[in-house]
Amino acid sequence: MNVLVIGNGGREHAILLALKKSKRVEKLYCMKGNAGTAQIAENVNVDYMNVGAVKAYVSAHPEIDYIVVAPDDPLALGLVDELEAMGKRCFGPRKNAAVIEASKAFSKNLMKKYGIPTAEAETFTDYDKALEYVRRKGAPIVLKADGLALGKGVLVCNDLKQAEEGLKEIMLDKTFGSAGNVILIEECMRGLKYTPGEEVSVLAFCDGKTIVPMITACDHKRANDGDKGLNTGGMGTFSPCPFWTKELETEVYEKIMLPTMNAMNAEGRTFKGCLYFGLMRTDKGMKVVEYNSRFGDPETQVILPMLKTDLLDIFEAVTDERLGDIKIEWETGACVCVVLASGGYPLGYRKGLEIEIGDTCGCEIVHAGTAVKDGKLVTSGGRVLGVVAKGKTVEEARKKAYKAAGNIKFENKHLRTDIGVKYREG
């Protein structure tokens, strides 16, 4: 089969690397791709946010058998609907199901309606009413832009001044553009042992009839060590989650995962694709922090390398609503991804800086913001590379990843030095 993966970041490179292992894959394509995807796939220079251009390319290339729509924006636009209407087989939810990520207000109302545990929250379109609510509730408090904001539209405010400034940024200054036209203001959940709480990402394959959780991962959203600095798309991740137990897995499956799948069915929004659950362990049990309608980035970079089952087989089983017939198996051990970013990310940063990759120490180098210019590998985005290492333990994997990271050079390289340390005892 010939498979087209839509997207151009580290997640898409990780998906392509997993698909490359399939004996059933003949040729891979990536739209638009990056310097890393170009090594294993044919990069297609088409803007995937231009639905008409995507359809025109697919029409002109009937040899493409299957399409994976990976990023949130084209899913929210309804690209899967358009491609399926052309008779193409796809992995990814339709527009009416992708709304579970595209609108935080929708997902919060869904959880309220169907009794899925989450933080208490209110939705506002009026700045003055939102400000009055924030002042009445006090801090700590969480502000969320309703729409898609590249994973950065969430502000955790520890005091009232921060909250007032954050509200102005989102609703008046439009820091996140139209994503902030509606704002969700919610309680700041607290964990059992850590502040502000123990978070875990649990991604699941879902075909509307069956939902199968993948192995767990822990993300590091903040730009700097110790979870300080601005929110980013993710500075690194590791798997498995240290505090995850069989008991928590059962609780999440029965109280969150199945009810979410059933709720979407009841709303006439059957979800078929990868459903991402951002969860927190609190003193009142596991609660949903957020949903995503696709593979997480950089969670995918530590989850898919541990997958033993053919990924294309799983994708097609989801498309055909026979996920319950597939046995999905995983490697034992751990995996760590350390993100190398451009200095200044997530705000301003330079592009076009030459990258030198030395000894990778047996790690997989996943490309995100990279390009080739004048025959040289250069930076082209905020998150540049992900260094992915496996080991028997998280500690073993992280040592390997950091050793390799030290052998990669580009000007103003920025990375966190504490990926994989979260939630360790002591």
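Let's start with one term: a residue is buried when its relative accessible area is under 20%, exposed when that area is over 50%, and partly exposed in between (1.4 Å probe, protein chains only). Helices (H or I, at least four residues) and strands (E, at least two) are DSSP runs, numbered from the N terminus.

The model is predicted, so local features need pLDDT of at least 70 and side-chain atom pairs count only at pLDDT 80 or more, while totals for chains, interfaces and linings use all residues. Residues are numbered from 1 along each chain as its sequence is written, and side-chain values use heavy atoms, with hydrogens and water left out.

**Exercise 1. Helix H11**

Task: Find out how many residues of helix H11 (residues 311-319) are buried, and what they pack against.

Solution: 
- Step 1. Go through the helix and pick out the buried residues: Leu311, Leu312, Ile314, Phe315, Glu316, Ala317, Val318 and Thr319.
- Step 2. That is eight of the nine residues in H11, which makes the helix mostly covered.
- Step 3. Now look for the partners, taking contact as heavy atoms within 4.5 Å. The buried residues of H11 pack against strand E1 (2-7), helix H1 (10-20), strand E4 (66-69), strand E5 (89-91), strand E10 (198-206) and E16.
- Step 4. Check the N-terminal end. Asp310 caps H11 there, with a side-chain oxygen 2.8 Å from the backbone nitrogen of Leu312.
- Step 5. Step past the other end. Just after H11 comes Glu321, with a positive phi of about 55°. Glu321 sits in the loop between H11 and E18, and its 32% relative accessibility makes it partly exposed.

**Exercise 2. Aromatic rings**

Task: Count the aromatic pairs, then describe the one formed by Phe277 and Tyr291.

Solution: 
- Step 1. Apply the rule: rings of Phe, Tyr and Trp (its six-membered ring) pair if their centres lie within 6.5 Å, and planes under 30 degrees apart are stacked, over 60 edge-to-face and the rest tilted.
- Step 2. The count by this rule is eight aromatic pairs.
- Step 3. Take Phe277 and Tyr291: with 5.6 Å centre to centre and 70° between the planes, the pair is edge-to-face.
- Step 4. Phe277 lies in strand E16 (residues 273-282) and Tyr291 in strand E17 (residues 285-292), so the pair ties together parts 14 residues apart in sequence.
- Step 5. Ring pairs link Phe91, Phe205, Phe295 and Phe315.

**Exercise 3. Arg416 and Lys392**

Task: Is Arg416 buried or exposed, and is Lys392 buried or exposed?

Solution: 
- Step 1. Arg416, in the segment after E25, is buried, with a relative accessible area of 1%.
- Step 2. Its neighbours, not counting residues up to four places away in sequence, include His220, Met235, Val338 and Tyr402.
- Step 3. The side chain of Arg416 also makes a polar contact with the side chain of Asp227 (3.0 Å). Such a contact is a pair of N or O atoms within 3.5 Å; within protein, one must be able to donate a hydrogen and the other to accept it, and residues adjacent in sequence count only if both atoms are side-chain atoms.
- Step 4. Lys392, in the loop between strand E23 (383-391) and helix H12 (394-405), is exposed, at 72% relative accessible area.
- Step 5. Lys392 touches Gly333 and Ala334, again leaving out residues up to four places away in sequence.
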